[in-house]
Amino acid sequence: MHISLTVNGQPYTVDVEPRMLLVHVLRDVLDLTGTNVGCDTSQCGACTVIMDGRAVKSCTVLAVQADGSEILTIEGLAKDGELHPLQEAFWNNHGLQCGYCTPGMIMTAYYLLQTNPNPSEEEIRHGLEGNICRCTGYHNIVRAVQEAAQRM
Amino acid sequence: MYPPKFDYYRATSVDEALSLLQQHGDNAKLLAGGHSLIPLMKTRLAQPAVLIDIGRIDALKGIQVDGDTLRIGPLTTHADIAASEDVQGRAAALADAAGVVGDVQVRNRGTIGGNLAHADPASDLPAAVLALGGEIEVRGPNGSRTVAADDFFQGLFTTALGGDEIITAIRIPAGGGKRVSAYVKFPHPASGYAVVGVAAVLELDGQTITSARVAANGAFECAKRLTGAEQALAGATASDEAIAAAAQRAAEGFNADDFMSDIFASSEYRAHLLGVYTRRALQKALERA
Ligand SMILES: Cc1cc2nc3c(=O)[nH]c(=O)nc-3n(C[C@H](O)[C@H](O)[C@H](O)COP(=O)(O)OP(=O)(O)OC[C@H]3O[C@@H](n4cnc5c(N)ncnc54)[C@H](O)[C@@H]3O)c2cc1C
Ligand code: FES
Ligand code: FES
């Protein structure tokens with residue numbers, strides 16, 4: 001089945017099997033490998049992308065369900081060689097160690113700041129509930145989101 | 001991890017979805033947000049040969065206030081329900097329940113219709129809809145019918161919904177006198193699902209509780225009313241004593257083996273939590289009075 005997607009501003013038409021997951025279209029067909037698969041069981045949030053303005057777990061969306069939608073992935077955040085404030089803030093605050101959760105973490109944080117530009121620490125922790133990090137212990141991730149909120 | 005192969009149909013109307021269901025019978029499943037079905041298919045716990053995607057039927061989306069009734073389309077997401085001022089104002093227990101489903105990303109995709117149809121015992125929405133006296137509007141090959149939430153949830157993953165039927169609306173009565181409600185849950189620390197969740201709905205005349213509906217999910221094989229707690233509250237003055245008396249009677253009428261038990265929580269522990277969360281739900285509801 002042919003579907004069309006706009007990913008990071010660029011239109012694509014791709015031929016997919018109905019059972020293909022959105023994350024596999026992004027990674028394996030469009031070669032946008034920034035979006036990771038962590039658990040594959042809808043728990044960890046590593047695969048989070050923004051679909052029509054909303055953070056979703058792309059391992060739990062069929063590509064056919066995403067037909068016609070606009071997708072923003074981690075690759076779409078930097079502009080003209082400049083990192084997005086969230087990316088810089090994760091860097092500055094040591095908001096990552098192995099980095100595996102980071103693309104999903106940043107996309108969920110991006111969605112949080114779109115809906116709530118000045119979140120409290122508690123709101124940040126609540127907003128990132130669907131993203132699991134095995135390394136950092138979360139404190140520096142929260143600090144990074146706080147810094148990004150100030151700069152955005 | 002790919003789901004097994006299936007044929008995919010995209011329904012553009014309820015009529016089309018119904019005729020596709022007729023055509024493919026037991027091999028077919030409706031697909032809404034996919035946040036119960038896709039994980040089940042990935043792990044091969046469900047292997048439907050046909051998926052009928054109803055996710056683009058606009059007529060099944062959105063929240064309307066229709067006289068004394070709140071009418072919620074089955075495709076309305078948990079996020080939209082939690083954020084709706086109409087739901088917060090008229091059926092706070094449902095806004096609470098939708099707001100504590102899973103996490104942000106799950107709430108952005110999962111729908112109320114899918115949640116009720118799937119009837120996971122640990123789901124949050126069933127107890128809220130049951131306590132609020134909701135009705136499920138269902139359409140099948142022979143037309144529409146309305147099922148009271150009291151008759152809808154029948155057992156583990158089992159509802160009154162026929163295999164050839166679609167939920168077309170959830171109706172919550174929202175008229176009458178002063179009504180307050182709340183839902184609170186003890187989430188499983190890993191999955192976030194309800195180990196026990198309690199919804200409480202109180203009708204008030206001044207300080208008097210004229211009637212009460214209390215329901216729980218997580219504790220039993222499906223959402224159930226807590227009639228002991230309800231009887232303790234009816235006619236009582238809204239007070240800490242009334243709340244304590246209701247919490248004391250939360251498990252009344254249930255046997256030890258009515259309670260679910262798993263490696264995380266024994267039936268005794270769930271029975272204990274039922275009292276604790278009945279108290280918390282009532283406190284939260286009365287704080288809104
Ligand atoms: C990580 C994770 C955590 C979660 N945590 C929670 C939680 O804490 N609490 C909670 O309550 N839920 C939780 N859920 C489940 C979530 O709420 C689901 O979205 C919901 O149970 C199903 O809704 P859906 O739209 O995704 O349905 P789908 O998965 O698309 O469908 C589920 C079932 O309902 C049927 N169906 C769907 N719509 C209709 C309709 N209109 N008429 C008839 N049948 C229909 C389908 O055929 C299917 O059998 C969680 C899910 C995930 C992935
Ligand atoms: S890979 Fe999608 S939630 Fe873990
Ligand atoms: S940095 Fe390693 S999982 Fe988060």
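**Domains, helix packing and the ligand shell**

In this predicted model, the C-alpha centres of domain 1 and domain 2 of chain A are 21 Å apart. Domain 1 of chain A covers residues 2-76, and domain 2 of chain A covers residues 85-151. Where the two meet, domain 1 of chain A contributes 15 residues and domain 2 of chain A contributes twelve residues. On the domain 1 side of this contact, two elements of chain A, β3 (48-51) and β4, each give two or more residues. The largest share, three residues, comes from β3(A). Sorted by class, the side of domain 1 of chain A that touches domain 2 of chain A holds seven nonpolar, seven polar and one charged residue.

Helix α2 (residues 85-92) of chain A packs against helix α3 (residues 102-115) of chain A at an angle of about 125°, and their axes are 10 Å apart. This geometry makes α2(A) oblique to α3(A). The crossing of α2(A) past α3(A) is right-handed. From α2(A), the contact is built by Leu86(A), Gln87(A) and Phe90(A), while α3(A) brings Thr102(A), Ile106(A), Ala109(A) and Tyr110(A). Five of the residues in the contact of α2(A) with α3(A) are nonpolar and two are polar, with no charged residues.

Helix α3(A) also packs against helix α5 (residues 139-151) of chain A; here the axes come within 11 Å and cross at roughly 45°. With that angle, α3(A) is oblique to α5(A). This crossing of α3(A) and α5(A) is right-handed. Met105(A), Ala109(A) and Leu113(A) of α3(A) make the contact with Ile141(A), Val145(A), Ala148(A) and Ala149(A) of α5(A). The contact of α3(A) with α5(A) consists of seven nonpolar residues, with no polar and no charged ones.

Chain B is assigned three domains: domain 1 (7-53), domain 2 (58-173) and domain 3 (178-287). The C-alpha centres of domain 2 and domain 3 of chain B lie 20 Å apart. Each of these two domains of chain B puts 24 residues into the contact between them. On the side of domain 2 of chain B that touches domain 3 of chain B, at least two residues each are supplied by α5 (92-99), α8 (125-131) and β8 (153-155) of chain B. Helix α8(B) provides the largest share of that side, five residues. The side of domain 2 of chain B that touches domain 3 of chain B comprises 16 nonpolar, five polar and three charged residues.

A further helix pair is found in chain B. Helix α11 (residues 240-248) of chain B and helix α12 (residues 267-287) of chain B have axes 8 Å apart and pack at an angle of about 150°. Their crossing is right-handed. In α11(B), Ile243(B), Ala244(B), Ala246(B), Ala247(B) and Gln248(B) meet Gly275(B), Thr278(B), Arg279(B), Leu282(B) and Gln283(B) of α12(B). The contact of α11(B) with α12(B) has five nonpolar, four polar and one charged residue.

The two chains also touch one another, in a contact that takes 21 residues from chain A and 19 residues from chain B. Strand β4 (residues 54-57) of chain A gives the most to the chain A side, with four residues. The side of chain A that touches chain B has seven nonpolar, nine polar and five charged residues.

Finally, ligand 1 lies between chains A and B. There are 32 residues around ligand 1, of which Gly33(B), His35(B), Gly102(B), Gly110(B) and Gly114(B) come nearest. The elements of chain B that give two or more residues to this shell are β2 (28-31), α2 (37-42), α7 (112-118) and β10 (166-173). Helix α7(B) has the largest share of the shell around ligand 1, with five residues. By class, the shell around ligand 1 has 14 nonpolar, 16 polar and two charged residues.

Methods:
Residues are numbered from 1 along each chain as its sequence is written. Chains are lettered from A and ligands numbered from 1 in the order in which they are written. This is a predicted model: local features need pLDDT of at least 70, side-chain atom pairs count only at pLDDT 80 or more; totals for chains, interfaces and linings use all residues. Axes are lines fitted to C-alpha atoms, for helices over the stretch in contact, and angles run from 0 to 180 degrees between N-to-C directions. Angles under 35 degrees count as roughly parallel, over 145 as roughly antiparallel, 65 to 115 as roughly perpendicular and the rest as oblique. A crossing is left-handed if the near helix is turned anticlockwise from the far one by less than a right angle, and right-handed if clockwise. Two residues are in contact if their C-beta atoms, placed from the backbone, lie within 7 Å. Ala, Val, Leu, Ile, Met, Phe, Trp, Tyr, Cys and Pro count as nonpolar, Asp, Glu, Lys and Arg as charged, and the others, Gly among them, as polar. Domain bounds come from an automatic or database domain assignment. A residue is near a molecule or strand if its C-beta atom, placed from the backbone, lies within 6 Å of it.
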